[in-house]
Amino acid sequence: KGASRFLRCSITEFVSNPSSSDQPINTHFTIRGTKMTKKDSEKSNNNAKSPVATSAHLHGGGGKASARLLGASIAGVSELSLFHPVDTVAKRLMTNETRLVVAGSMSSTASNINHAVFRDAAAGSFGTKVGALFPGIGFGAAYKILQRVYKFGGQPIVRDWMRKNYGESFDNRFGPQAGKLLISATAGSMIGIGEVALLPLDALKIKAQTAPEQLRGRGVFEIFAKEGFGLYRGAGWTVARNAPGSFALFGGNALAKNAMGISESQPATWTQDAIASCLGAIASISVAQPLDVIKTRVQNRPFNSPESGVSIIAKLIRNEGFGAFFKGLTPKLLVVGPKLVFSFTVAQHTIAYFTKKFDY
């Protein structure tokens, strides 16, 4: 705003005195009849220090659509290649409905976890166990790449739109710093809610990882034709999980960058992006975990035997206790967390790279 006001300044006084080159130039600028005040100048400086949920301008914050698409796609492919087995482990732990930990018996606990994670390959060789962690890779590829493109490429677009249309309102109500941070977080939350459109691919990926017998012998087109909107089962729980989870992801990332003094005029380094992404990922996973357990179990049910989320919650509390809401949290924080950090950091810097390339 400060820059645009400066460009609109009238230079009438200077033009009307062309012979006064030896006189000091009047430094009061008339902005549509109003002098630029100290408050205007401070507001301009505050805007320059605004926190960002993605990297600064040259790091993906305002890149072209093509750069965002390409960068987010690379992040999705890279993440899938490295972390699909970890995602399978987390999903299988979340859908397991028996107590895994046996008090006073480490061997029984280890055996329970082994069977919960590796299923039929629990007694197999190391190679067999590793191979058992790659079911649903096809659905996973389609889902993960589309999700990352949509999420990491779409959030900056929504954020920029919100800044243009509601930035002043947020600044006036919450202050310049908090206003920009909340816009980043809210844009992330809105994008997270829209992820429900990809739910069928997510549902099929989860079934392939946790209940492959439900898909065995059935083609993709046959499944979509027969199940139809049944593939959107759990949509409400998905929205309930994604809204706070994405808010925490982008909000936590923006808050961390603000604390490190990173702004749109000061690009983030790889290390700073990784630290900020890590804090955002921890916040997102922790906030969304209870609802993620419910969503995963709703999607894990057989096509011909659905169960409501409310029923699952009641049964979970009765049979497993409240701690079951956080089943799979530890592996998600220890391994899935870095997965999100990895993809978020890669997305920001590849978007930055391609933005610079396309600009030249």
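Start with Asp-160: at what relative accessibility does it stand, and does it count as buried, partly exposed or exposed? Then go through its partners and the other pairs.

Reply: This is a predicted model. Asp-160 has 30% relative accessibility, so it counts as partly exposed. The cut-offs explain that call, because buried means under 20% and exposed means over 50%.

Now its partner. Asp-160 forms a salt bridge with Arg-68, and the closest N and O atoms are 3.5 Å apart. Asp-160 sits in helix α7 (residues 137-174) and Arg-68 in helix α4 (residues 65-95), so this pair ties together parts 92 residues apart in sequence. Arg-68 is at 6% relative accessibility and therefore counts as buried. The pair also belongs to a network: salt bridges link Arg-68, Arg-159 and Asp-160.

Next, Glu-79 and Lys-144. They form a salt bridge too, with 3.6 Å between the closest N and O atoms. Glu-79 lies in helix α4 and Lys-144 in helix α7, so the pair ties together parts that are 65 residues apart in sequence. Both Glu-79 and Lys-144 are buried.

Then comes Lys-315 with Glu-307. Their side chains meet in a salt bridge at 3.5 Å, N to O. Lys-315 is at 24% relative accessibility, so it counts as partly exposed. Glu-307, at 14%, counts as buried.

As for the total, the count comes to 13 salt bridges. Among them are Asp-160 with Arg-68, Glu-79 with Lys-144, and Lys-315 with Glu-307.

How values were computed
Residues numbered from 1 in each chain as written. Predicted model: local features only at pLDDT ≥ 70, side-chain atom pairs only at ≥ 80, totals over all residues. Heavy atoms only, no water. Salt bridge = Lys/Arg side-chain N within 4 Å of Asp/Glu carboxyl O. Helix = DSSP H or I, 4+ residues; strand = E, 2+ residues; numbered from the N terminus. Buried < 20%, exposed > 50% of the residue type's maximum accessible area, 1.4 Å probe, protein only.
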